[in-house]
Amino acid sequence: QVAGVIKDLIEFDRANAVILIPGGIGEKEGSENLEADLRERIREAHRRDGGGPLFLGGNSLGVISHPGRYDTMFIPDTKLPKSRGEHARKLCFISQSGAFIISTLSRMPWLDPAYALSIGNQIDLTAGDLLAYIKADPEIEVFAVYMEGFQPCDGHAFAAAVKETVALGKDVVFYKAGRTSEGRSATAGHTASVAGDYAVCENAISQAGAFVASDFGEFCDFLRVTIPLRGKSACGNRLAAISNAGYESVGMADSIKVNGAELTLPSFEARTEEALTKILSDNRLDGLVDVKNPFDVTPMAGDTVFTDMIVEVLGDRGIDAAVVGIVPLTPAMQTLAPGDGHRESIEDPGSIAQLLPSAVSTTDKPVVAVVDSGAPVDPLVSVLRAGGMPVFRAADRAVRALCKWVDVKSRFSPSP
């Protein structure tokens, strides 16, 4: 029925914009003629006065638009709770796969995009069209883009739009599917995509200034840092690695090099070392740990002591960024939500959940937190995240993501 519906929409001017939900157009064997016919009808309409309607899709799951106050994805709130109300939303999510959007939002509900656009087969509107248009929106600061293939010439247009977006001081996190012959074959059957050469695409988008992810996990990790670290400065690659667990300190040190990017672990300034030594001595911890970088502060350090040491490290002129590992199982810290059977409260003003975001907010250096434990400390993660901090559940992934952030931002951030 699609061909007849589109014919009526165009001939009788019944819509300004159309979301094509149906799949199979150009994906199913034998549908090539239908796709070619629809594309030609749409092109002819665009050549006329008024330009005819714009089409998104086919095989589009739909659109979530908070500024437009509509949601055409029709996923029930019981399966995907939706953000409500008026508040700042920095993210635009553009994806050929609608399922990728909703799966990602289900795992990471804090992403809360202003726009989530499932573009499907790009029978009319393309990824390049959308990024080129939305990049100027002053409310949008980060773009998350999942692509399987570009329409002819649109890869170049998309790369140009990425470069222009980055020049505006915004971030683009990008994942391209179809790196193998099997993957390329799968994309053709999913969104009728021309997968193209993966290496060429990866290099072009990287050189335009995007965060190019090598897998789904890295894509999510780049979003974990780019959104909360908006406004922070990439002034250098000198990292302070701090944790109350020795294994995290070692894991952080092992993760400072990623695909040509590198962080360093310099010694602290004499003033910083002296201040840290005094804090340890005053709290009878000097017999347990030495001051060095990476800095294992031991699980005996309480909330205030731990935070005080982080403040001293962030004040070090030889430190540009920090990763702070909080293994929350220590009884020395308040890391649990209020409840029966314990006296801890992450709502207490003296808890690490309240102290750390407040301390980090006073510096323009990027700081990433790690909470490597299970479900009982999910509320701690939520409070830290609500306080504006990137939060990871594994130290090695945190360091690698920050390493990439420092590398990309130092090379492509516009000059002040």
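Contact here means heavy atoms within 4.5 Å. The model is predicted: local features need pLDDT of at least 70, side-chain atom pairs count only at pLDDT 80 or more, and totals for chains, interfaces and linings use all residues. Residues are numbered from 1 along each chain as its sequence is written, and side-chain values use heavy atoms, with hydrogens and water left out.

The secondary structure of the chain comprises 14 helices and 16 strands, where helices (H or I, at least four residues) and strands (E, at least two) are DSSP runs numbered from the N terminus. Along the principal axes, the C-alpha atoms fill a box of roughly 80 × 45 × 40 Å. Of the 416 residues, 52% count as buried (buried is under 20% relative accessible area, exposed over 50%, and partly exposed in between, with a 1.4 Å probe and protein chains only). Among contacts between residues at least 6 apart in sequence, 73% join residues at least 24 apart.

Phe412 belongs to helix α14 (residues 395-412) and is partly exposed, its relative accessible area being 22%. Leaving out residues up to four places away in sequence, Phe412 touches Val166, Ser206, Gln207, Ala208 and Gly209. Between Phe412 and Leu384 there are 28 Å in space, C-alpha to C-alpha, for a separation of 28 residues in sequence.

Helix α12 and helix α13 (residues 378-386) have axes 9 Å apart and pack at an angle of about 25°; axes are lines fitted to C-alpha atoms, for helices over the stretch in contact, and angles run from 0 to 180 degrees between N-to-C directions. The two helices are therefore roughly parallel to each other (angles under 35 degrees count as roughly parallel, over 145 as roughly antiparallel, 65 to 115 as roughly perpendicular and the rest as oblique). The crossing of α12 past α13 is right-handed, a crossing being right-handed if the near helix is turned clockwise from the far one by less than a right angle, and left-handed if anticlockwise. On the α12 side the meeting residues are Ile352, Ala353, Gln354, Leu356 and Pro357, and on the α13 side Leu380, Val383 and Leu384. By class, this contact has seven nonpolar, one polar and no charged residues; Ala, Val, Leu, Ile, Met, Phe, Trp, Tyr, Cys and Pro count as nonpolar, Asp, Glu, Lys and Arg as charged, and the others, Gly among them, as polar.

Gln334 lies in the loop between β14 (321-325) and α12 (352-360). With a relative accessible area of 17%, Gln334 is buried. A polar atom of the Gln334 side chain lies 3.0 Å from the backbone nitrogen of Ser345. Beyond its neighbours within four places in sequence, Gln334 is in contact with residues including Asp303, Arg343, Ser345 and Ile352.

Ala127, Gly128, Asp129, Leu131 and Ala132 of α4 make the contact with Asp154, Phe158, Ala161, Val162 and Thr165 of α5. The classes represented are six nonpolar, two polar and two charged residues.

Gln122 is located in the loop between β6 (115-118) and α4 and is buried, at 1% relative accessibility. Residues up to four places away in sequence aside, Gln122 touches Arg39, Gly57, Gln96, Ala127, Met147, Gly149, Phe150, Gln151 and Asp154.

Key
Polar contact = N/O pair within 3.5 Å; in protein donor to acceptor, adjacent residues only side chain to side chain.
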